[in-house]
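Please keep the sequence and the 3D view open beside the text as you read.

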Amino acid sequence: MVQNSGKTLCPGTLKPVNLPELIKAEEDASGLPTAILTPRRQVIKTIEDRWRIDDEWWRREPVSRLYCAVLFASGQRLVVYKDLTDGEWYKQGY
Amino acid sequence: MPYAELHCHSYYSFHDGASSLEELLTQAKELGYQALALTDHDNLCGAMRFAQVTHSLDIQGIIGAEVTLKGGYHLTLLARDSTGYRNLCRLITAAHNSGERNNPELDPCQLPEQAAGLIVLSGCPRSELAQLIDGSRQAEARALVRQYLEWFGWENYYLEVQQNLVHGDTSRNRALAALAQEMGVRMAATGNVHYHIRERHQLQDCLVAIRHCRNLEETHRERRANSEFYLRPVKELDTLFQEYPEALTNTLAIANRCTLDLTRDLCYIFPDYPAPEGETPESYLEKLCSEAAVRRYGAITPEVSARLEQEFGLVRKFKLAGFLLMYHEVIKLGREVMLEQGLSDPSLALEENPPGRGRGSSVSLLIGYLIGLSHIDPLKYNLSLERFLPSDTMSTVPDIDLDFPRSIREDLILRTHQRWGWEHAVLTGTIATYMVKGAVRDLGKALGLPEEEVDQLSRQVDWGSAKGLKDQMQKSPQFQSKIDTPVWRDLIRLAWELDGFPKYLGQHPGGMVLSSTPLIDIVPVQRGAIDGRYVCQWDKDSIDDAGFVKIDFLALGALSQMQEALELIHRHTGKRIDISRINFEDTAVYDMLGGGDTIGIFQVESAPRRSQRRPPPSFLVYTAIMSTL
């Protein structure tokens, strides 16, 4: 069990973990990733799954993302998503 | 590749579907779909209109429903033919009559008995099969598939695969494909459509929040994950289902087998009247009228005889004897209620003190006057028969409205259910729809706008279309500055989209439908909000389109007052007043009318009518004056 540090919990003390990381990616004509360029170019062998989230459209910053679970030729797996509001790709570790 | 969409919710999936029938069908036609199935949640409220619109747009429509099974599981049913449609109606009726009133649930045990003519798709992610697959309970999934194959047969059962880009869809579809392969079952791809275009997903989110009486922030779990539940271009479908192309082609095979045309295949028959032995309905009606004519007029005068002859000629021509006798039966039931409530004297003939009052063109019928449908003597007022019974053609049966005192009407509805059984006599449904006030209240809450301001706005706006919200806010000093601000802007746009959307199925105040064939074979029937009442899932327009005969039992408070007055007169004087024989030339009454002393008197108490300050010369002239105001 983690010991009680005695500190008062407030928003400033919260540290977000597993934040998505901005990456560069190559896409095909349908907008799906074919290669991830960050930190080095890795060709995607298969997109094993994809899913989309559209939410919070009533807020200042709506959420609209297309997620892809990709498999590289190396056998490594990764989840990336395209933010459909700004067009950027992000890596999301799970 | 051509495609037929077999799973589509319209706005008749109350607070879930976010597009109208017309929007869905027009879009499906534009996208080149071969067919579109309507599969609303546990109802066929839109089925008749859907069938009509498919005809006008020349696209194949398939009638179905997504029924809720015990445990909350969903199952998609499609009617192949009129037998399948009948079974669909019965199953939906059973679902509504077994669960809680607003939470229909069908016991799957009822499926095998009503399986004929139906095609079953295993259902959306909320189906039992999908839940078993998601829970990796393969053995139970296999057993369930076997069970449905046994009930419906291999040719009528498909595993339903949906790809709405929701996390889990892909893995579920792969598992379903493996199961299909293993068990030799075919798959069908469907879109689980909830709106015709992607942009409508925001309204759909709001509808879900409204259904749960919460706002958008509080309904993350209940709302759909994304905006992918629209009618897709066929090319998109080819990509989404590229692993299972046969699931797409199977949609066409299913559509080709669904040949039901609701505008043609209904089997509605108005009840035959069981005439007493040795009589036909015509002869019996003539007998009833002759007897009553003697009571009414002292004898069958040449004038009465000529009019009856004319009317019976038309009754025979249009085969209306059974129809009129059925009304007579209803009036007799009303009379029973009246006697039980102590509102009439059993020694009086029915036509002397009928329980209801006819109105409109039907009072021109002497037969109606003689069998208790009306208290107005059409001969005395020289009423033309032509408006009620045109002598040349008649496209539908004539409309007869009956007004009753409230207390009689309430009991009469229950008694009519009992007399013919609720499977044969039900209340007409009515669909409440969104207008501006309801749209502001519900959407405002869903969007999380300040409750007090939403309340103020809904009270400030005038009744009318929700499409006019922006104009109404423009006129309000309090709200005009909010028109282009975040969220209020959404409210205006969404209210525009929501205008005219159905809210719920209610019951018509008094319209009843009678049928010889069980009505539950033609339209699903559900319990009404008031105990003992049963309502069909069609509103008056669908009922008209279906050619049903609707009898309107309308309640008039004024009639209740008059009935009470008559009883008070009887109690205090011992006299029974025949309201059809009161003196229409009573000068004291005309003086009262001319003096504007009419507050509390039905139809003549409004300000313009009270302003007619000259005593009318006669009842007929007064009627003419009143009808012009």
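**Spaces and a helix in chain B**

The lining of the largest pocket divides into 27 nonpolar, 11 polar and six charged residues, where Ala, Val, Leu, Ile, Met, Phe, Trp, Tyr, Cys and Pro count as nonpolar, Asp, Glu, Lys and Arg as charged, and the others, Gly among them, as polar. This is a predicted model, in which local features need pLDDT of at least 70 and side-chain atom pairs count only at pLDDT 80 or more, while totals for chains, interfaces and linings use all residues. Residues are numbered from 1 along each chain as its sequence is written, chains are lettered from A and ligands numbered from 1 in the order in which they are written, and side-chain values use heavy atoms, with hydrogens and water left out.

**The largest pocket**

- The largest pocket has a volume of about 1900 Å³, and of the 44 residues that line this pocket, B:His375, B:Ile376, B:Phe584, B:Gln603 and B:Phe619 are the closest to its centre.
- Two or more residues of that lining come from each of strand E8 (357–359), H20, H21 and H23 of chain B.

**The cavities**

- The structure holds four cavities of 30 Å³ or more, and the largest cavity has a volume of about 70 Å³.
- Of the 14 residues that line the largest cavity, B:Gly123, B:Cys124, B:Glu160, B:Arg172 and B:Leu176 lie nearest its centre, and the largest share of the lining, four residues, comes from H6(B).
- The second largest cavity holds about 50 Å³ of space, and helix H20 (residues 557–573) of chain B gives the largest share of its lining, four residues.
- The lining of the second largest cavity divides into seven nonpolar, two polar and two charged residues, including B:Arg357 and B:Asp403.

**Helix H21 of chain B**

- In helix H21 (residues 587–594) of chain B, the buried residues (under 20% relative accessible area, with a 1.4 Å probe and protein chains only) are B:Tyr590, B:Leu593 and B:Gly594.
- These residues lie on the same side of H21(B) because they cover an arc of only 95 degrees around the axis, the arc being that of the directions from the helix axis to the C-beta atoms.
- Helix H23 (619–628) of chain B is included in what covers the buried residues of H21(B).
- At the start of H21(B), a side-chain oxygen of B:Asp586 reaches to within 3.1 Å of the backbone nitrogen of B:Ala588, and just after H21(B), B:Gly596 takes a positive phi of about 75 degrees.

Methods:
Buried means under 20% relative accessible area, exposed over 50%, partly exposed in between (1.4 Å probe, protein chains only). Contact means heavy atoms within 4.5 Å. A polar contact is a pair of N or O atoms within 3.5 Å; within protein, one must be able to donate a hydrogen and the other to accept it, and residues adjacent in sequence count only if both atoms are side-chain atoms. On a 1 Å grid over the protein atoms alone, a cavity is a set of points where a 1.4 Å probe fits but cannot get out, and a pocket is an open set with protein on both sides within 12 Å along at least five of seven lines; lining residues have an atom within 4 Å of a point. Grid points are joined across faces, edges and corners, and a volume is the space filled by probe spheres set on the points.
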